[in-house]
Amino acid sequence: MDGDGNGWSLAPDGSRRWGLFGAAGLFLIASPHTAPRVLLQHRAQWTAEGGTWALPGGARDSHETAVAAALREAREETSIDTAQVRVVDAITTAGPYVSGWSYTQVLATCPQPLPTAGNEESVELRWVPLAALESYPLMSAFAESLPLMRSVIAAGEVASTS
């Protein structure tokens, strides 16, 4: 059912995680061969860790795969044309916890930065150089996942499929 994933789950340490069935975000790299840029969302203050920068994404619904959820959330939050996006991989960067909750980053590419228009969850959307991600105040879980994501990107999976 659409929207049935909205709600909080508990992590083993007692902290809250958004998404009753887990969550997913789109790690979208534009122009991967020449000047790689990642689509980041400056999160509205009322969202979890508001004021930080992260990937567009959110709660998975009960019937969705992580890829479907990441693409849907990116469409909702950025208005990108996901028909121009090529999914490369799906990497679980948090969990799975006993509750079943996990967070998956869907690694994808597009030939060049796509036009964007944010919704109420975004203060701003920006195509950020891949090399400059750490210069932004990042959502903590996203910052913690960057070494893993950079190793996947460096392994050549992005370049070989774009």
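Five salt bridges occur in this structure, which is a predicted model.

Start with R72. This residue pairs with E64, and the closest N and O atoms lie 2.7 Å apart. Are R72 and E64 buried or exposed? Both are buried. For R72 the relative accessible area is 15%. R72 counts as buried because that value is under the 20% cut-off.

R72 also has a salt bridge to E76, at 3.1 Å from N to O. Here the two partners share an element: both sit in helix 1, which spans residues 66-78. They are four residues apart, about one turn of the helix. E76 has 39% relative accessibility, so it is partly exposed.

Now turn to R150. Its salt bridge partner is E134, with 2.8 Å between the closest N and O atoms. R150 is partly exposed, at 27% relative accessible area. E134 is partly exposed as well, at 47% relative accessibility.

Back to the R72 group. Salt bridges with shared partners link E64, R72, E73 and E76 into one network.

Technical notes
Residues numbered from 1 in each chain as written. Predicted model: local features only at pLDDT ≥ 70, side-chain atom pairs only at ≥ 80, totals over all residues. Heavy atoms only, no water. Salt bridge = Lys/Arg side-chain N within 4 Å of Asp/Glu carboxyl O. Buried < 20%, exposed > 50% of the residue type's maximum accessible area, 1.4 Å probe, protein only. Helix = DSSP H or I, 4+ residues; strand = E, 2+ residues; numbered from the N terminus.
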